[in-house]
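Me: I'm new to this one and would like to go through it piece by piece. Can you show it to me first?

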Amino acid sequence: MIELNGVSKSFDGGAIFAVRQVTLQVPARSFVAVVGRSGSGKTTLLKLMNRLLEPDAGDIAIAGQPVRSLPPYALRRRIGYVFQGIGLFPHMSIAENVGITPRLVGWPEPQIRARVEELIDLVALPRTYLARMPAELSGGQRQRVGIARALAVRPAIMLMDEPFGALDPVTRDTLGSEYRRLHDGMQLTTVMVTHDVMEAVLLADRIVVMRGGDIVADGPPHELLAEHPDPEVRELMETPRRQAERVRILLEERAARG
Amino acid sequence: MDERLRSALHLLPDYLSQHVLLSAAALILGTAVSLPLTVAASRSAGVRWPVLGLASVIQTVPSLALLALFYPLLLGLSSVCRHFFGFGFPALGFLPSLLALTLYSILPILRNGVTAITGLDPAILQAARGVGMTRSQRLWRVELPLAAPMIMAGVRTAAVWVIGTATLATPVGQTSLGNYIFSGLQVENWVWVLFGCGAAVALAIVTDQLLALVELGVARRRSGFVWLGVGLLLVGIAAAGAVPLADAGRGGYVVGAKNFSEQYILADLIADRIRAGGQAASERTDLGSTIAFRALAGNELDVYVDYSGTLWTDILGRTDFLPRGPMLRALHDELRRRYGVELLGALGFENAYVLAMRRDRASALGIRTIDDLARVAPQLTLGGDLEFFARPEWRLLQARYRLAFHARREYQPTFMYRALTSGEVDVITAFSSDGRIAADHLTVLKDPLHAIPPYDAVLLLSPRRAADPYLRSALAPLEGALPITLMREANYLVDRPTAKLEPAQSARWLERAAHLTGGF
């Protein structure tokens, strides 16, 4: 579905590469999490896919079609994009925010209204919220609106950049698993950037680990959680494993007592 | 009601409507220019710094100077335009005022707009790209709506500045509420000065509040407020536009006047003569000295009174001086040849520069002539009006009499007389027809060497009206009809400290005294 072939991007004319010679295939309907430290190039990689950034070298294709064959705005209208800052337009109501891409694409108004209501139901917000302004919503509610907005014109691909990063742990977990259900139900292809390895392990089918612009590991969560030759990948995967281990022991202890 | 207040109210529809139209046109044009500049400046730092810098520089030019500078600029452009395309445009009045005020209105709108757009949350701009907006969609759907409240705040600031500064359009020939202030200052009619200030302040406050309503509507996204505010503003502008339209139907002759009492009185007198024969006349007063002549030569005025010495030096640029008769003949021929302006005739009095002293001080020092003055001048202070020391008469006086004063000061004429009576200065450059010479008991120093040229008051007709039989016959009785004593008295009726008359009342008195009443 998404193919990157030898893609490089530097912000300083080639001294340091944010993304270096990356080749990556994201098959249709897969859920890929990209993890890594700050500055590892994961957000840059994501932005190259919808041309928020242009690569210095390499080719990117979506559904077999080079991304450069479309104007950036047309490409982006076909790809849902959700990010940590959420970026709801503060001067537009929730209904206007959710309906923005259909409006840009030129859908008729009644169809936009129907789609907006459908989406607000989908992300489990009351319809009364449609008339509200973004500032009147909580962080979690705003992120639900952000997801609804990204899904508005039924994109096949969703790009998510730390989508749940600013939320409290409970909301974060709920929203994460709700989104995974949407992903499965709507047969989406999702690339999610996160620094939270636990989140990646729990939601994704496949985890890509980046370091200094390179992909250093790529595989299903259970594989990466098992041994990996790279010490940094091992260290990165150590945290969820240790947490899971700790929880398992606690649960066993309780079972033994009970 | 006080006569001064009554006459002020009578002129209000004209002054206010012109002020409103000028300010509105400047603000609308200024906004129209500022918005694209704002967008360009917020897009690129290469545009931002030069544009903002230039706008700031314009703001630091004193407003009166900015208005005045457009006159020579437009005059030059107009002649270039006439040369290449066969038509010119007026360099006085509405156009220079509009351009200067438009420039003035740019900075607040531009600065607020650029600050608002460049300060937008990057996350929102990224989202705008992320949802698939084109560059212009980002501008119209995100950047401008979010910057709108701050841009409106800039428009409000600009509106208040423009309305205040528009009072300074009067000296470049554009009628405004400033006419009250300039005329009032000239004849010490403080009621008019206050009336003009008050009207400008009231207009600024009302405009600001209506724009505040629009701003509130934009910020809260309440289109009702926006339309109410815009609607009321438009009603005001339309009402202002209706006044000159109604006036335009009347047409008639345009009588000009410079910015002092004698000129107001003579303009009223001339307008009365024109009306006495059944034609309509309107006045444009408070024109700067050479501006009045340029306006006449450009057919923006039909008639006004000027002085032979002024025309000789300022318009013809001559530095030599001829005796009275030859000078008038030479003036007549030269003005007709160069400008097509018709010198109809002299009114009978002279308004020359003279040196005057308080009578008690002059006799105490034993001064009767400028020669006498030259002996003690190094101990004395000379007060002049704002242009005297730049004029050739001053150079001639200095050269002929070897005058060297201890100090010299410049005053607006009204304050110059005050400075003399209070003893701040010892000698002033008075005008020979000024009523205050008699009233303040001043001694006019004799000029035995004839250093100061003649300043006969003369009637000038525009090229368009040079052969106008109606105007010529209406004004013919004025020739030689106004001796210096009558003119001094008429001036004094307006300038005296108490029981002042309006220039129009004084003009009526002068008509009766000079036996000019009745039709022709």
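Me: Leaving aside its neighbours within four places in sequence, which residues is A:Ser30 in contact with?
Reply: This is a predicted model, where local features need pLDDT of at least 70, side-chain atom pairs count only at pLDDT 80 or more, and totals for chains, interfaces and linings use all residues. Residues are numbered from 1 along each chain as its sequence is written, while chains are lettered from A and ligands numbered from 1 in the order in which they are written. Two residues are in contact if their C-beta atoms, placed from the backbone, lie within 7 Å. Sequence neighbours within four places aside, the partners of A:Ser30 are A:Thr189, A:Asp205 and A:Arg206.

Me: Is A:Ser30 buried, exposed or partly exposed?
Reply: Buried takes 20 or more other C-beta atoms within 10 Å of the residue's own, exposed takes 12 or fewer, and partly exposed is in between, with C-beta atoms placed from the backbone. A:Ser30 has 17 C-beta neighbours inside 10 Å, so the label is partly exposed.

Me: How many residues of chain B are in contact with chain A?
Reply: On the chain A side, 13 residues take part. The chain B partners number 15.

Me: And which element gives the largest share of that side of chain B?
Reply: Helices here are DSSP runs (H or I, at least four residues), numbered from the N terminus, and strands are E runs of at least two. Both α5 (122-130) and α6 (135-165) of chain B supply at least two residues each to the side touching chain A. The largest share, 6 residues, comes from α5(B).

Me: How are α20(B) and α21(B) oriented to each other?
Reply: Axes are lines fitted to C-alpha atoms, for helices over the stretch in contact, and angles run from 0 to 180 degrees between N-to-C directions. Helix α20 (residues 484-495) and helix α21 (residues 503-513) of chain B have axes that come within 9 Å and cross at roughly 155°. Angles under 35 degrees count as roughly parallel, over 145 as roughly antiparallel, 65 to 115 as roughly perpendicular and the rest as oblique. The pair is therefore roughly antiparallel.

Me: What about α12(B) and α13(B), and how does α12(B) lie to α13(B)?
Reply: The axes of helix α12 (residues 308-315) and helix α13 (residues 324-339) of chain B come within 10 Å and cross at roughly 50°. That makes α12(B) to α13(B) oblique.

Me: Which residues of α12(B) make that contact?
Reply: On the α13(B) side are B:Met327, B:Leu328, B:Leu331 and B:Leu335. From α12(B) come B:Ser308, B:Leu311 and B:Trp312.
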